[in-house]
Amino acid sequence: MDSNKIFFALLLLVNFQFANSQIKDTTKLKEVIINGFKTVNGLGHLSDVKNGIIYAGKKSEIILVDSLDANKSVNNTRQILGRIPGLNIVETESSGFTANGIATRGLNPSQSIEMNTRQNGYNISADIYGYNEAYYLPPMEAVSRIELVRGAASLQFGSQFGGLVNYVLREASNKPFEFYTSQIMGNYGLYNSFHSVGGTVGKISYYSFIQYRYLEGYRANSEQSQVSGFGKIVYKQSEKLNFGVEYSLLRNKVRMPGGLSDEAFNSNPKQSTRARNWIKSPWNIVTGFANYNPSDNTTYSLKTNYLFSNRSLVWRNEDGGPNAIDSIDPLTGTYVPREVESEDMQNVTTELRGSHNYKIGKQKSTFAGGVRAGYAWYTRQGGGEGTTGSDFDLSITGEYEKNEKFTTTNVAPFLENIFKLNNNLTITPGLRFEYLKSTISGYSIVDGDKLFSNEARTRTFALFGLGTEYKTSRNTSVYANISQVYRPIDYGQMEPFGVSSKIDPNLKDSNGYNSDFGFRGTIRNYLNFDISGFYLAYNNRIGVTLEADASTGDYYSIRKNIANSIHKGIESYIEFNFLKYFNPQSKFGLSLFNSFAYVDARYTSGDFNGKRVEAATKTINRIGVIFNTNKLSTTFQINYVGDAFGDASNAVVSENPIAGYIPAYTVLDWSGSYKFNNLSLKFGVNNLTDKSYFTRRTDEYPGPGIIPAVGRSFYLGFTAKWN
């Protein structure tokens with residue numbers, strides 16, 4: 001590597017780290033070069049091929065978490081992932097979930113259900129086709145980078161409309177031992193303690209962390225506590241072969257304050273309608289892996305993971321909605337019995353991948369392919385009559401109203417190939433074939449009758465895709481792609497869990513395609529940009545709407561195949577470093593970034609033709625200013641999210657709080673850090689103006705009704721590292 005390349009890499013690394021970043025060892029420099037990050041300060045895109053996976057021609061983003069000023073103690077999604085253009089975030093951490101859901105392009109953000117959510121390359125949701133909700137995310141203090149690929153990710157990862165989000169954890173230090181700690185406190189009773197150790201001794205490397213977090217909560221009756229942990233050990237047999245094992249866990253207990261009606265939210269968004277609702281989601285994932293690179297041109301990787309987890313809920317159920325008063329009955333002197341629900345989730349998944357570089361004439365092409373095989377089994381027990389108490393108690397009297405078992409069998413071979421036509425132009429076709437079998441067995445009690453079910457459904461389908469990229473210069477390119485996508489009916493849609501809406505028994509699978517066209521790149525070390533348009537077709541979209549009862553005329557909410565929808569718009573990210581522009585060798589930085597998206601998501605058939613898709617925000621605009629010196633780093637961010645509707649009818653006002661208007665809002669965040677040798681002071685304020693707003697109306701837990709977002713919150717603490 002010549003001296004100019006080394007100097008350019010050093011300048012990039014200065015921007016990646018907090019303002020105090022100084023290159024002290026070759027490990028960090030090596031990581032930047034290997035991954036091919038093309039970014040100025042926080043957001044870049046993946047290289048054409050990385051770890052045997054093809055990204056050429058795809059809409060991709062990568063976030064280096066250490067380069068961000070953000071409240072990582074509570075995984076503040078606005079600050080950490082907010083630079084992703086068009087990222088819609090459902091903020092439910094005040095009401096029962098410790099992980100906010102995300103989506104792009106007008107898709108459903110609830111628990112990231114339309115995303116393929118992974119950690120270190122393997123799935124961390126219970127069942128990507130049967131129950132794809134994400135209840136576990138790693139603490140951001142442990143995350144090195146976040147990779148996101150839009151809909152074209154379906155070819156190599158799965159058929160999800162939203163594409164891939166992958167949380168890549170930190171690697172072991174090259175030194176024998178390294179210790180890192182983070183201690184953060186804040187208002188609403190926040191205390192977060194994170195510790196990690198890692199190192200390399202001979203051929204063995206190791207990394208582990210443990211985190212404890214407690215929060216009294218923004219709303220009444222919303223306290224939560226959690227412990228998360230991780231351990232990884234790798235044996236490097238040679239330069240060509242390494243293998244290892246890792247284990248992730250989550251233990252939590254969360255109190256849910258319930259949803260609010262419009263009137264209650266406007267009166268006091270911090271109030272609670274429930275004091276006896278609890279949920280816990282213990283999560284466990286064990287993964288074994290091996291990587292074999294027999295030559296510079298050939299790679300193989302194998303990952304097998306076993307997920308065994310549970311989610312249990314005890315609550316004053318949805319009867320009567322948020323306006324129902326949960327009070328002591330004067331006749332009995334007690335509360336009404338609560339309802340108990342429990343789910344056991346297990347799956348075993350293996351992914352084998354390989355890639356090979358070869359030449360056609362003078363041009364190097366790359367083939368990548370593999371197969372995913374998985375089996376998931378899932379038990380749901382619901383409608384059990386619980387106690388009249390207020391503590392976390394899952395005991396029931398009698399039997400469950402629902403006791404059902406679900407399984408999913410999935411086999412999916414996939415392949416892609418980069419054909420390099422000349423030094424600048426590549427074309428990448430791809431194919432994924434899916435075999436999917438779903439079963440349901442068990443019983444449900446309806447009007448006193450026990451109804452048994454024993455059904456199986458098999459699908460086979462192929463997904464095609466094509467991408468192309470033209471390098472307009474060394475660091476800029478034009479890209480385009482189109483890829484088919486598919487979403488089968490999941491467990492929650494077939495047999496709902498804690499849902500107040502009715503379910504249409506004739507639900508159908510959804511399908512469609514995703515396409516992008518854009519221009520991206522960097523100019524020296526002061527400008528980073530990615531500007532693109534997209535078009536997404538979503539057929540047989542499942543959503544929530546209001547229907548009138550034929551006998552009474554009363555309206556009720558129902559989940560059904562609403563109709564086909566089209567999502568189209570633009571996504572733009574631009575970041576400009578003023579000081580680097582005037583002085584490329586400046587040790588300081590002053591950057592302005594703008595992450596903007598306009599999304600027009602509408603139904604194109606059915607009763608709601610022309611109506612906006614529920615929860616689809618038209619405009620998302622985030623603007624930030626970053627200033628750093630060799631000691632201080634600080635970021636001020638303005639987040640504007642446009643309005644949306646709670647259901648497909650686009651009702652503005654409704655007696656049912658599930659339906660109705662979701663107003664636009666603007667939230668201001670400020671965070672920073674100051675370094676003293678190996679110690680860093682962390683500080684910040686989220687929602688500076690104490691804006692009252694909400695991002696979700698829900699027909700299920702933790703509602704039903706409006707789920708308020710968190711008001712003004714402060715945090716202060718420190719991090720330290722020794723080796």
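This is a predicted model: local features need pLDDT of at least 70, side-chain atom pairs count only at pLDDT 80 or more; totals for chains, interfaces and linings use all residues.
1. Overall dimensions. The C-alpha atoms of the protein fill a box of roughly 85 × 55 × 50 Å along the principal axes. A compact globule of 723 residues would have a radius of gyration near 27 Å, and because the protein has 25 Å, the value agrees with that expectation.

2. Of the 723 residues in the protein, 59% are buried, where buried means under 20% relative accessible area. Among contacts with a separation of 6 or more, 67% are between residues 24 or more positions apart.

3. Secondary structure. The protein has 6 helices and 38 strands, and the points that follow take up some of these strands by name.

4. Antiparallel pairing around β17. Strand β17 (residues 283-295) pairs with strand β15 (residues 241-256) in the antiparallel sense over 10 bridges, with F289 of β17 as the bridge partner of G244. Strand β17 is also joined by 9 bridges to strand β18 (residues 298-315), again running antiparallel, and here T287 has N305 in β18 as its bridge partner. With 2 residues between them, β17 and β18 form a hairpin. When reading side chains along such strands, a colleague may keep in mind that in a regular strand they alternate between the two faces of the sheet.

5. Cavities. The count comes to 17 cavities of 30 Å³ or more, and the second largest cavity holds about 330 Å³ of space. This second largest cavity is lined by 27 residues, of which V74, E93, L215, V710 and S713 are the closest to its centre.

6. What lines the second largest cavity? The elements that give two or more residues to its lining are α3 (77-80), β13 (204-215) and β38 (713-722), and β38 provides the largest share, with 3 residues. By residue class, the lining of the second largest cavity divides into 10 nonpolar, 13 polar and 4 charged residues.

Note on methods: Residues are numbered from 1 along each chain as its sequence is written. Side-chain values use heavy atoms; hydrogens and water are left out. On a 1 Å grid over the protein atoms alone, a cavity is a set of points where a 1.4 Å probe fits but cannot get out, and a pocket is an open set with protein on both sides within 12 Å along at least five of seven lines; lining residues have an atom within 4 Å of a point. Grid points are joined across faces, edges and corners, and a volume is the space filled by probe spheres set on the points. Helices (H or I, at least four residues) and strands (E, at least two) are DSSP runs, numbered from the N terminus. Ala, Val, Leu, Ile, Met, Phe, Trp, Tyr, Cys and Pro count as nonpolar, Asp, Glu, Lys and Arg as charged, and the others, Gly among them, as polar. Two strands pair if DSSP finds at least two bridges between them. The radius of gyration is taken over C-alpha atoms; the globule rule is 2.2 Å times the number of residues to the power 0.38. Buried means under 20% relative accessible area, exposed over 50%, partly exposed in between (1.4 Å probe, protein chains only). Contact means heavy atoms within 4.5 Å.
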